[in-house]
Amino acid sequence: MNPLRCDRTEAWAALKGHYEAHGRDLDLREAFARDPGRFASLSVEAPELFADLSKNLVDLATLRFLQDVARECDLERRRDALLAGEVANLTEGRAVLHTALRAPKGVASPFNADVHAVLDAMLAYAERVRADDGITDIVNIGIGGSDLGPQMVVPALDAFCQRGKRLHFVSNVDGHDITPVLRGLDPKKTLVIVASKTFTTQETMANAAVARAWFLAGGQGVNESDIARHFAATTTNVKAAAEFGITTTFGFWDWVGGRYSLWSAIGLPIAIAIGEANFRALLAGAHALDRHFAEAPLAQHLPVLLGLLDVWYRNFHGFTSRSVAPYHQGLRRLPAYLQQLEMESNGKCVDVDGHALPYGTSPVVWGEPGTNGQHAYFQMLHQGTDVIPVEFILVKTAAHPHADLQTKLLANGLAQSAALMLGKDTDSARAEKAPTASATLDRDVLARHRSFPGNRPSTTFVLDALTPRSLGALIALYEHRVFTSGALWGINSFDQWGVELGKALCNDLLPRLASGDTAGLDGSTAGLLKRLTA
């Protein structure tokens, strides 16, 4: 029997009553004025991470009501079942064991020996590539999880990357992606990694074919036999890779979902960039957070508290999106990575039994690194008509020598979270001078333009430094948070059937773009096809 869905619990009814009586109108400014200890009581430590939850629209009572929902939904037992390898992806009949990929060698698990055999072989190959002065450029060809994870991690850990090896990432089937990457590279000094679990992914294999043709056209001395040295694959389809000419392959298992795969052989470009010791530290940081996920009590359980906040904001306050603002340029691809992790996992409209859900699930996740985002979309965060919770990620110690820049960066991050909460009333705006304002504008009108409602929620994460270990913990934190909210919503967070229809229609349309055949198409698609083929 499936566990209770959150809206079918007695605790949910109690939470609704609490929201109506107290939660709907909570004012953060008043909450801090009433409770000098609010910051301390609503901050949480986890491995490698500190989280300030005090600027969220909750108090301790709200969190207790939310935790009651989690308990009645049997969240802890469901977590234990996930970690034990019980089937969690019900529609595909699969376990979900990405946590097994970062468990230390010797941990009791039926997969531990196989995982470490592949890991050791992959890392040994990565070290050989790192030592090969004849290879200067590595091109990773993948899409989705086979691209987003490595493409996010490599720049994040730039301070730990080997100099003299340039990493490039190609994912889009649009030729404008691969063309500028290959332009100027020397085929004789390039390693191409083809990342496709089945070695059939349409976009990946199309780009791999382009890379293969580019390599073979590389001039005198380049021939088919050289593909074995200059191409590798992370795939389980060894036969198809061999037919392509690839003899170096590293596989993984059907319980590794794409959006959880950077910990597997898909992490090969990461390992080449940062080396074996640092890749193992990345795994160790994630494993430390896995232990927190498995053992922490609910009141101090960071991924659970974040997942509960997601439910609180989505289903009670009606907030439909969340912005992620990492104040570290290395984390510039983190929002894109989290889009797939969360929206592909929890963007579902039916529960595990296939029944339509009466409430919203995944919010839209988006963002840009600070301070760039401040000069782009923060205007809407402060004065727009929608309330959008923001997650700030601050890194205490920089990996560069420019102390003044780091101080300015941290000051900006702190200022933005404070400004979202505090706002500015019209009296304060009226009392200020605005040098760029029109001198003819009525003072009260100007004050209304320059006032901010405030009371807009945010969470701030603090990392002491951005290291392989702390990044591993941060990524695992978001993974377990997604599980938490998905479990309470009663959905399968580990399938992605919503991408299938578009793939099928694409396969039907491909020959039509050559033939111009529009039979059976809807009017819009037929008209567009004619426009594109005329």
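A charge sits over a ring if NZ of Lys or CZ of Arg is within 6 Å of the ring centre and within 35 degrees of the ring normal. With that in hand, I looked up Arg212, which lies over the face of Phe244 at 5.4 Å from the ring centre. I also found Arg38 over the face of Phe32, at 5.3 Å from the ring centre.

**Ground rules.** I am working with a predicted model, where local features need pLDDT of at least 70, side-chain atom pairs count only at pLDDT 80 or more, and totals for chains, interfaces and linings use all residues. Residues are numbered from 1 along each chain as its sequence is written, and side-chain values use heavy atoms, with hydrogens and water left out.

**Rings around Phe244.** I looked up aromatic pairs next (rings of Phe, Tyr and Trp, the last by its six-membered ring, with centres within 6.5 Å; planes under 30 degrees apart are stacked, over 60 edge-to-face, the rest tilted). The structure holds 20 of them. Phe199 and Phe244 have ring centres 5.8 Å apart and planes at 80 degrees, so I noted the pair as edge-to-face. Phe199 sits in the loop between strand E7 (190–195) and H9, while Phe244 is in helix H11 (residues 238–244), 45 residues apart. Helices (H or I, at least four residues) and strands (E, at least two) are DSSP runs, numbered from the N terminus. Both Phe199 and Phe244 are buried, where buried means under 20% relative accessible area, exposed over 50%, and partly exposed in between (1.4 Å probe, protein chains only).

Phe231 pairs with Phe244 too: the centres are 5.9 Å apart and the planes at 55 degrees, so this pair is tilted. Phe231 lies in strand E8 (residues 231–234), so the pair ties together parts 13 residues apart in sequence. Elsewhere, I saw ring pairs linking Trp12, Tyr19, Trp312, Phe316 and Tyr359 into a cluster.

**Helix H8.** Which residues of H8 (175–182) are buried? I found Asp177, Ile178, Val181 and Leu182. A handy reminder: an α-helix has 3.6 residues a turn, so residues three or four places apart point the same way. The buried residues of H8 pack against strand E5 (137–141), strand E6 (166–170) and helix H9 (202–216). Gly184 follows H8 and has a positive phi, near 90 degrees.

**Cores.** I looked up nonpolar cores (buried Ala, Val, Leu, Ile, Met, Phe, Trp, Tyr and Cys residues joined through side-chain atoms within 4.5 Å). The largest has 113 residues, and Ile393 and Trp255 are among those touching the most other members. Helix H20 (residues 468–489) gives the most to this core, with 12 residues. Apart from it lies another core, of 23 residues, including Val170, Leu182, Val192 and Val222.

In E10 (residues 321–327), 7 of 7 residues are buried. Ser321, Ser323, Ala325 and Tyr327 point one way and Arg322, Val324 and Pro326 the other. E10 runs parallel to strand E11 (residues 364–366), joined by 3 bridges; strands pair if DSSP finds at least two bridges between them. Ser323 stands opposite Trp366.

Conventions: Contact means heavy atoms within 4.5 Å.
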